[in-house]
Amino acid sequence: MEKYVSQVLQPKIQGDGGWIEFVSFENGVLTVIFRGECSKCLILHRCVEWIEGEIKRDLKKNVKVNAIRKKPYFQDM
């Protein structure tokens with residue numbers, strides 16, 4: 001799953017100025033961190049649904065995505 005996130009999903013999300021990082025995949029729950037433009041996106045839930053659909057289509061797995069937003073360090077100051 002980590003390879004799928006980094007090699008398939010990441011390049012697509014980067015195209016919109018976002019960034020996704022794999023955290024874990026346990027018991028059908030994929031936890032990822034969204035950074036960049038994704039960290040402030042108002043419709044992140046739609047992206048999460050899209051990711052779940054892509055995984056179902058490509059890997060034939062039903063997963064739930066746990067999305068964590070993380071602002072760049074310079075926005076926290």
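Modeller: Contact here means heavy atoms within 4.5 Å. The model is a predicted one.

Colleague: Which residues does M1 touch, not counting residues up to four places away in sequence?

Modeller: M1 is found in the segment before α1. The C-alpha atoms of M1 and F25 are separated by 7.1 Å, although the two are 24 residues apart along the chain. Setting aside residues up to four places away in sequence, M1 touches F22, F25, L30, I55, L59, K61 and V63.

Colleague: At which residue does helix α1 bend?

Modeller: The helix spans residues 2–14, and a proline, P11, lies within four residues after the bend. The bend amounts to about 30°, and its place is V8.

Colleague: Is Q10 buried or exposed?

Modeller: Q10 lies in helix α1. Leaving aside neighbours within four places in sequence, Q10 is in contact with V5, G18, W19 and I20. Its relative accessibility is 6%, and the cut-off is under 20%, so Q10 counts as buried.

Colleague: How far apart in space are S6 and I20, C-alpha to C-alpha?

Modeller: S6 has its place in helix α1. At 41% relative accessibility, S6 counts as partly exposed. S6 and I20 are 14 residues apart in sequence, and their C-alpha separation in space is 7.8 Å.

Colleague: Which residues have the most contacts inside the largest nonpolar core?

Modeller: The largest nonpolar core has 15 residues. The elements that give two or more residues to this core are α1, β2 and α2. The residues with the most contacts inside the core are I20, F34 and I51.

Colleague: With which residues is I51 in contact, leaving aside its neighbours within four places in sequence?

Modeller: I51 is among the residues with the most contacts inside the largest nonpolar core. Apart from neighbours within four places in sequence, the contacts of I51 are L9, I13, I20, F34 and V65.

Colleague: Is E54 buried or exposed?

Modeller: E54 lies in helix α2. Not counting residues up to four places away in sequence, E54 touches Y4, L9, K12 and L59. The relative accessibility of E54 is 8%, and under 20% is the criterion, so E54 counts as buried.

Colleague: Which element supplies the largest share of the lining of the largest pocket?

Modeller: About 230 Å³ of space lies in the largest pocket. Its lining has 13 residues, of which I13, D16, C38, C41 and C47 lie nearest the centre. Both α1 and α2 supply at least two residues each. The largest share, four residues, comes from α2.

Colleague: What is the phi of N27?

Modeller: Most residues other than glycine have a negative phi. N27 is found in the loop between β1 and β2, and at 81% relative accessibility N27 counts as exposed. N27 is a residue other than glycine with a positive phi, near 50°.

Colleague: What is the phi of K60?

Modeller: K60 lies in the loop between α2 and β3 (64–69). At 69% relative accessibility, K60 counts as exposed. Although K60 is not a glycine, its phi is positive, at about 60°.

Colleague: With which residues is R35 in contact, leaving aside its neighbours within four places in sequence?

Modeller: R35 has its place in strand β2, and its relative accessible area of 25% makes R35 partly exposed. R35 and G15 are 20 residues apart in sequence and 13 Å apart in space, C-alpha to C-alpha. Aside from neighbours within four places in sequence, the contacts of R35 are G18, W19, E21 and K70.

Definitions and conventions:
Residues numbered from 1 in each chain as written. Predicted model: local features only at pLDDT ≥ 70, side-chain atom pairs only at ≥ 80, totals over all residues. Heavy atoms only, no water. Bend = angle between axes of the 7 residues up to and from the residue. 1 Å grid on protein atoms, 1.4 Å probe; cavity = no way out; pocket = protein on both sides within 12 Å on 5 of 7 lines; lining within 4 Å. Points joined across faces, edges and corners; volume = space filled by probe spheres on them. Core = buried A, V, L, I, M, F, W, Y, C linked by side-chain atoms within 4.5 Å. Buried < 20%, exposed > 50% of the residue type's maximum accessible area, 1.4 Å probe, protein only.
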